[in-house]
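I opened my notebook beside the model and went through it piece by piece. These are the entries I kept.

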2 protein chains.
Amino acid sequence: MTEPSKTPQPLHEAELTTLGTRAFQGLGLPLADAQDVARVLVMADLFGLSTHGLSRVESYGERLLLKGIKAEPHITVERVAPAMVRVDGDNGVGPVVGMRSLNAAMEVARECGVGIAFARGSNHFGPISPYSLIAAEAGFASIIGSNATTTIAPWGGSDARLGNSPIGFGVPNPGGQPFLLDMAMSVVARAKIRNAFKRGESIPDTWATDKEGRATTDPKAALDGFLQPVGGHKGYGLALLVDLFAGLLSNAAYLTHVKSWVDAPDEPQNLGHFFILIDTQRLGSNQWLAERMNDFAAILHDSPPVDADKPVLVPGQIELAKMERQRREGVVLDPAVLALLYKYAAVAP
Amino acid sequence: MTEPSKTPQPLHEAELTTLGTRAFQGLGLPLADAQDVARVLVMADLFGLSTHGLSRVESYGERLLLKGIKAEPHITVERVAPAMVRVDGDNGVGPVVGMRSLNAAMEVARECGVGIAFARGSNHFGPISPYSLIAAEAGFASIIGSNATTTIAPWGGSDARLGNSPIGFGVPNPGGQPFLLDMAMSVVARAKIRNAFKRGESIPDTWATDKEGRATTDPKAALDGFLQPVGGHKGYGLALLVDLFAGLLSNAAYLTHVKSWVDAPDEPQNLGHFFILIDTQRLGSNQWLAERMNDFAAILHDSPPVDADKPVLVPGQIELAKMERQRREGVVLDPAVLALLYKYAAVAP
């Protein structure tokens, strides 16, 4: 593959997938694993989640080159009960471990109605919505979570002891769009605070605390401090429960035992995930489900909007619309990301 | 049973359970069902959740007398897959349907590692934490949810189309206290707004909207309007996903199809619940789990508090401490609730 001109051109899904696959092969991954990583990250880009898309080739690549992540892990999948599997990712690339776990959970859920996979020995696995969509397209409702590097102080505490652990939900709709919700527990992402700082603006006091754990409107103090969880003690509790399921029960690291990939890129993080899959085909026909899902969405869409220009949306609607458009028109990647992808792809076998 | 003196005296758990059981027998429930209701509601009182405790004898009783809830439902439990059961509550009292579903889910989870029960044809089933605690004491981690009467506007919408649907999580600790999280999706309960109104105080603009769906600091306007979900669109999304699992997938009513028990106490609500149970014994020994759970709590408790008088807490800690104290000292019930319990108990067979 040769690098095209420097002017950013949209690339189509198939091109991105081939490029992403080649790049991760260039970083040492076997073909099937590189395909899994590309599939998840390209879906993230299609959803418009570019911070969790192919741009991750930078951090994943750095850690692969430093041997902080294994390019050829020996992943084990153990079925410890009819509907339960444990996955040891052996410090493989996150989406490789994620896809292996998702597939194992779908397999036992197809047999048992519900299935759960607990994964340990993993790394950042991309956003959750690609997994939820793959599950929904196969007829599964899902609850999926991961833990993360510590960036949040306990509620009422004053140092970072828990991660901004994301949880995602999906419900299939055989007659239209699924519902997909992929949420982290902070009120806003750190990038929003960084942008306010650059513009010299103050921030709402609900976004973050200073380094002593006190609410602040100063973006500089907030950047030295901690993100605030949604709903105060509620988001704090929810972030902990995600870590208990994803980290503690899976036998992965949790809370401060999770190493920072920024501070220690060459060390295993031992992140954990959980995947709960529910086979909706056991509950009713496709027609039954489609009718109910479309009715559910219609009830919400029919609520008179507060602002006439902003109709009511349902979870996943923005991302799925963006995916549809970008599947037609292609995705414009950041030129630096594109250059890095071509660089790694150039050394693929 | 005769009514004691009018001065409120603390009653012990066993006395409350007997009284609650007799009261619901007086309302026409079979003994075993009345015991289930009393067990759940007394646990709520022990936790300090008095709005969801035996005080519910008022609304449950009113609806039972109006035949809006069936005292002797024909509940069916159908195992539709090895790890999945569907429960039709036949419009029975909520905690009766809830306990039947919880037990069925624990049974299949013991066999399969994970189990799920979907319940329809139900009613308000009390708070979630009693179910989570019963599950945790039997070694199960849990995710449990219910839908509810509509009180929240869709994000950006201007009429009540979704309920303040609660979700609860529990993780057992064989060597100490389990983690229990039981949360509704609103920033605050309506009662807090009512109290601000009584005191003539304004409220933060994140608590509620006026009846046009606009954020307000006026408690009067807020009482005519809608509760705001935690984290704005995040809480909105989470409340919807709880309803999708608890209502839509369970074949119960959902969103505006849920009838209000206040406006139509004589009509079935057809509420739905879901219970996901995970057998932690499949994941490791009791010692393994106890060590990890105690370490997890210690990491959080060791965070230096922002306010020296307010040490960091973990989810469920307040409720479990209150339960321990009230198991020793007894619970003081509201005299009007106590009078109603004695009234119904007096006609028990």
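**Entry 1: the sheet of chain B**

I began with S1(B) and strand S2 (residues 84–88) of chain B, which pair in the antiparallel sense over five bridges. I looked for the partner of Thr76(B) and found Asp88(B), in S2(B), as its bridge partner. I keep in mind that this is a predicted model.

Next I traced the whole sheet. It is open, holds seven strands and has mixed pairing. I wrote the order down as S1-S2-S3-S11-S4-S7-S8 (chain B). At the edges I found strand S1 (76–81) and strand S8 (179–183) of chain B. Each has a single partner strand, so one side of each is left without a neighbour in the sheet. I noted the twist too: it averages 10° from one strand to the next.

Then I asked what packs on this sheet. I found helix H5 (residues 129–137) of chain B there. H5(B) touches strand S4 (140–146), strand S7 (167–171), S8 and strand S11 (271–279) of chain B. The direction of H5(B) makes about 20° with that of S7(B).

**Entry 2: two helices of chain B**

I turned to helix H2 (residues 31–47) and helix H4 (residues 94–112) of chain B. At what angle do H2(B) and H4(B) pack? I read about 90°, with the axes 8 Å apart. That makes H2(B) roughly perpendicular to H4(B).

I listed the residues that meet. From H2(B) come Asp33(B), Asp36(B), Val37(B), Val40(B) and Leu41(B). From H4(B) come Pro95(B), Val96(B), Gly98(B) and Met99(B). By class, I have six nonpolar, one polar and two charged residues in this contact.

**Entry 3: the sheet of chain A**

I moved to chain A. Its open sheet of seven strands runs in the order S1-S2-S3-S11-S4-S7-S8, again with mixed pairing. Strand S1 (76–81) and strand S8 (179–183) of chain A are the edge strands, and each pairs on one side only. Neighbouring strands are turned by 10° against each other on average, direction ignored.

I looked inside the sheet as well. Strand S3 (residues 114–122) and strand S11 (residues 271–279) of chain A run antiparallel, joined by seven bridges. I found Ser122(A) opposite Leu271(A), which lies in S11(A).

I also followed helix H4 (residues 94–112) of chain A. H4(A) lies across S1, strand S2 (84–88), S3, strand S4 (140–146) and S11 of chain A. I read its direction as about 160° to S3(A).

**Entry 4: how the two chains meet**

I checked how the copies are related. Chain A can be laid on chain B with an RMSD of 0.1 Å, by a turn of 180° and a shift of 0.0 Å along the axis. The two copies are thus related as by a two-fold rotation axis.

Then I looked at the contact. It takes 65 residues from chain A and 65 residues from chain B. Which element of chain A gives the most to the side that touches chain B? I found H8(A), with nine residues. Elements that each supply at least two residues include strand S7 (167–171), helix H8 (233–248) and helix H9 (286–301) of chain A. By class, I have 40 nonpolar, 15 polar and ten charged residues on this side of chain A.

I compared the two sides. 100% of the interface residues of chain A are also interface residues in chain B, so the copies meet through the same surface.

**Entry 5: confidence**

Chain A averages a pLDDT of 95, and 98% of the residues score at least 70. For the complex, the predictor gives an ipTM of 0.95 and a pTM of 0.95.

Terms used: Residues numbered from 1 in each chain as written. Chains lettered and ligands numbered in written order. Predicted model: local features only at pLDDT ≥ 70, side-chain atom pairs only at ≥ 80, totals over all residues. Pairing = 2+ DSSP bridges. Helix = DSSP H or I, 4+ residues; strand = E, 2+ residues; numbered from the N terminus. Axes fitted to C-alpha atoms, helices over the stretch in contact; angles between N-to-C directions. Contact = placed C-beta atoms within 7 Å. Nonpolar A, V, L, I, M, F, W, Y, C, P; charged D, E, K, R; others polar. pLDDT = per-residue confidence, 0-100. Parallel < 35°, antiparallel > 145°, perpendicular 65-115°, else oblique. Least-squares fit on C-alpha atoms with pLDDT ≥ 70 in both.
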